[in-house]
Amino acid sequence: MELPIPLRQAVERLLEKVPLPTLKQAAKTLSDRYRAELRDGRLHMAEEMAVKAYLATRLPATYAAVRASLDGLSEARPDYAPKTLLDVGAGPGTVLWAALDLWPDLQQAVLIEASAAVRRVGEALATEAMTARMAWQAGDVTLDLADLKPAELVTCAYVLDEIGPASLPKLIDRLWHLTDNTLLVVEPGTPAGWQRILAVRRQLIEAGAHVLAPCPHEAPCPLVPPDWCHFSRRVARSRLHRLAKDADVPWEDEKFIYIAASRQAVAPPQARVIAPPKSGSGKVLLKLCQKDGSADEKLFTKRHGELFKAARRLDWGDSV
């Protein structure tokens, strides 16, 4: 998966005069903070150089994860096409770009972001390409959501790992109250990210929300640590991306986990593939999270006929 052409071109223009050694050092510092999940009172992207490092090394991956999560939401509700978006912890507008790529008729977006440097960059990226009416607002996601108006789609992507666990229930309660229709939360696909999504999922179900994706049921998650639920998207690296990360491989795999919940119930799929399929000669083994709340591996062979042909076409994250 790659960035939309207008976004990629805007990023390249913004980064073209940045010295590579400066970008590489900023990228390392940013990566170290993200990996440590630091909560030291400082914003990860308080300075403009940190934002530019993010654009070079993290934006393609987070965009791919958000776009895939939106695809999961859209697959569950093919008729859904929101006109208003509220993105909390918006970063440089990643969710907005992904949402517009999927729903070009999106009309209005409100983006909440604490970092002034990130807001400036986000507005600069969007200036030439956006058709939706945008309003960027300063705000701490744990404090400044009181005066916002509800939206058809509310999103919160790669944010929960930056706030303390004690603030999570209040934030999710506020996000759900701001949701006219559907809420999407995306997190890194780590065991810790999965645990945060599980907490969000439990709270939303208790509040009366209907799970759209990825779960095909609303029973407790059947997976037990050290196993955990997550998905992956392969991301093409640009030349600058490779140079900034000292990477030789022209791609990377972004692991992510998400929960999409709605005020409207939908018919769930029978199952979802929750691990990479294992294929052999005349057989394929799928790990499935199923509608009845269980998770098991199922072997399909040529003897299964059409079922086997269908199973061979499935990939990690697909619904059945």
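Tutor: Helices (H or I, at least four residues) and strands (E, at least two) are DSSP runs, numbered from the N terminus. The structure is a predicted model, in which local features need pLDDT of at least 70, side-chain atom pairs count only at pLDDT 80 or more, and totals for chains, interfaces and linings use all residues. Residues are numbered from 1 along each chain as its sequence is written, and side-chain values use heavy atoms, with hydrogens and water left out.

Student: How many helices and strands does the chain have?
Tutor: The C-alpha atoms of the chain fill a box of roughly 60 × 45 × 40 Å along the principal axes. Within the chain, the count is 10 helices and 12 strands.

Student: What radius of gyration does the chain have, given its 320 residues?
Tutor: The radius of gyration is taken over C-alpha atoms, and the globule rule is 2.2 Å times the number of residues to the power 0.38. For 320 residues, a compact globule would have a value near 20 Å, and the chain agrees with this at 20 Å.

Student: What percentage of the 320 residues counts as buried?
Tutor: Buried means under 20% relative accessible area, exposed over 50%, and partly exposed in between (1.4 Å probe, protein chains only). For the chain of 320 residues, the buried share is 51%.

Student: What share of the contacts with a separation of 6 or more comes from residues 24 or more positions apart?
Tutor: Contact means heavy atoms within 4.5 Å. Among the contacts of the chain with a separation of 6 or more, residues 24 or more positions apart account for 72%.

Student: At what angle do α7 and α8 pack?
Tutor: Axes are lines fitted to C-alpha atoms, for helices over the stretch in contact, and angles run from 0 to 180 degrees between N-to-C directions. Helix α7 spans residues 168-177 and helix α8 spans residues 191-206. Their axes lie 10 Å apart, and the helices pack at an angle of about 50 degrees.

Student: Which class does that angle give to α7 relative to α8?
Tutor: Angles under 35 degrees count as roughly parallel, over 145 as roughly antiparallel, 65 to 115 as roughly perpendicular and the rest as oblique. At about 50 degrees, the angle therefore makes α7, relative to α8, oblique.

Student: How do the residues in the contact of α7 with α8 divide by class?
Tutor: From α7, the residues L168, P169, I172, D173 and W176 meet R196, A199, V200, Q203 and L204 of α8. Ala, Val, Leu, Ile, Met, Phe, Trp, Tyr, Cys and Pro count as nonpolar, Asp, Glu, Lys and Arg as charged, and the others, Gly among them, as polar. The residues of the contact of α7 with α8 divide into seven nonpolar, one polar and two charged.

Student: How far apart are the axes of α3 and α4?
Tutor: Helix α3 (residues 48-57) packs with helix α4 (residues 59-76) at an angle of about 60 degrees, so the two are oblique to each other. In this pairing, Y54, L55 and T57 of α3 meet L59, P60 and T62 of α4. The axes are apart by 4 Å.

Student: Which residues does R67 touch, not counting those up to four places away in sequence?
Tutor: R67 is found in helix α4. With a relative accessible area of 12%, R67 is buried. Residues up to four places away aside, R67 touches M1, A98, D101 and L102.

Student: What is the C-alpha to C-alpha distance between H210 and A265?
Tutor: H210 lies in strand β6 and, at 26% relative accessibility, counts as partly exposed. Beyond its neighbours within four places in sequence, H210 is in contact with several residues, including A265. H210 and A265 are 55 residues apart in sequence, whereas their distance in space is 5.5 Å.

Student: Where does P226 lie?
Tutor: The peptide bond from P225 to P226 is cis, with omega near 10 degrees. A further cis bond runs from A213 to P214, with omega near 0 degrees, and P214 has its place between β6 (210-213) and β7 (231-236). P226 lies in the loop between β6 and β7.

Student: Is D246 buried or exposed?
Tutor: D246 has a positive phi of about 50 degrees although it is not a glycine, and its place is the loop between α9 (239-244) and β8 (251-262). At 58% relative accessibility, D246 counts as exposed.

Student: What is the relative accessible area of Y158?
Tutor: Y158, in the loop between β4 (151-157) and α7, is not a glycine, yet its phi is positive at about 55 degrees. Y158 is buried, with a relative accessible area of 12%.
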